[in-house]
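Please keep the sequence and the structure in view.

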Amino acid sequence: MIFPIPSHPSWEIKDSSKLDDYLRCPRYYFYHYMLGWSLDMPAHDLIFGDAFHRAREHQLLFGYDDVAGAMDAFMTTYRKEFEPESDAIYLPKTPAAILNALMQFAQLHSLDLINNEVVSINGQKMTEISGTVPVDEKRVLHYRMDSIMQRLEDGMIFSWDHKTTSGKWIHDTRWDEDLHLSIQNGTYTHCLYCMFPIEQVLGVEFVKTGFEFLQRGSANRPAGYHATTRKIPAFKSPDQMNTWLWNVNVRLDDIERDMDRLSHCTENDEVLMAFPLNPKSCTSYRGCEFHDFCLTWQNPLRRCYEPPIGFIERYWDPSERESTVKKDLTFQM
């Protein structure tokens with residue numbers, strides 16, 4: 001296909017995040033993934049989350065009591081992007097908050113590695129695993145899992161996936177419900193199905209950690225950093241996974257149809273007749289950064305030669321992200 005905008009190799013790489021954002025709004029997908037536009041600001045939430053994953057990986061591999069080693073793992077990743085002077089800007093998501101959370105894992109969740117163990121495959125411990133997993137005869141999704149664990153009492157397989165948020169959202173049950181039906185949940189469960197007998201797979205348990213900083217204390221909680229951790233078992237049955245697989249392939253078909261439509265569009269068209277707007281998601285999260293463009297640009301092809309002021313070109317390619325284990329999967333026969 002010949003497109004009215006320069007093509008980019010990342011277009012062909014699909015993962016759960018891309019599918020989620022296409023569901024959120026196809027026009028958002030166009031701006032963020034096809035043009036590669038992002039706000040010109042540090043991706044703090046992403047880097048903070050990645051660094052926390054490294055800290056938790058260290059605890060899974062070397063024990064929860066090794067808080068110092070886990071903290072070093074966090075700082076090695078985090079300080080590449082954020083200097084100590086910036087910590088006050090991102091309160092409560094700071095290194096001090098991570099130290100508090102890691103100490104709580106050691107104190108309150110010490111049974112994690114007594115009742116469970118990290119799975120080894122061909123001598124490799126399965127933490128921070130990335131690769132591809134097939135969803136039909138020709139197409140794959142890219143994935144990145146935090147861990148593969150085995151429950152010692154019965155040998156069942158599951159994954160712990162870590163999520164970070166602020167304290168005010170940690171008990172929001174709407175997020176819990178989203179996790180049960182999320183594309184990411186199904187993707188990770190599908191990965192486990194491709195590695196282990198289906199009857200041995202539990203699925204994904206999300207581990208949510210909420211960070212808070214209290215300027216003033218109370219009778220219940222002193223001033224300072226607080227971390228709250230909740231585990232959300234979001235296991236899916238094989239029947240539910242059939243629904244997930246069908247939905248994923250439908251969305252991939254939808255993206256391919258929009259790609260085909262885009263190949264027939266020009267900047268002379270009155271409107272862009274590909275990647276339609278979803279006006280019901282404009283206020284999702286903190287609000288969409290492309291809202292004003294959708295309001296004023298009926299055909300963004302006339303304006304997409306370079307990012308607007310306040311934006312940069314930063315394409316999302318999950319295959320470029322660092323991981324400990326690389327593993328491309330196939331359907332288990």
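The crossing of helices α1 and α8 is right-handed, a term used when the near helix is turned clockwise from the far one by less than a right angle. Helices here are DSSP runs of H or I with at least four residues, strands are runs of E with at least two, and both are numbered from the N terminus. The model is predicted: local features need pLDDT of at least 70, side-chain atom pairs count only at pLDDT 80 or more, and totals for chains, interfaces and linings use all residues. Residues are numbered from 1 along each chain as its sequence is written, and side-chain values use heavy atoms, with hydrogens and water left out.

Helix α1 spans residues 16–24 and helix α8 residues 183–195; they pack at about 150°, their axes 9 Å apart. Axes are lines fitted to C-alpha atoms, for helices over the stretch in contact, and angles between N-to-C directions run from 0 to 180 degrees. The angle therefore makes α1 roughly antiparallel to α8, a description applied over 145 degrees. Ser-16, Leu-19, Asp-20 and Leu-23 of α1 meet Ile-183, Gln-184 and Thr-187 of α8, where contact means heavy atoms within 4.5 Å.

The sheet is open and mixed, with three strands in the order β6-β5-β12; strands pair if DSSP finds at least two bridges between them. Its edge strands are β6 (140–147) and β12 (325–326). Strand β5 (residues 127–134) runs antiparallel to β6 over seven bridges, and Thr-127 stands opposite Ser-147 in β6. Helix α8 also packs on this sheet, touching β5 and β6, and its direction makes about 90° with that of β6.

Key. Parallel < 35°, antiparallel > 145°, perpendicular 65-115°, else oblique.
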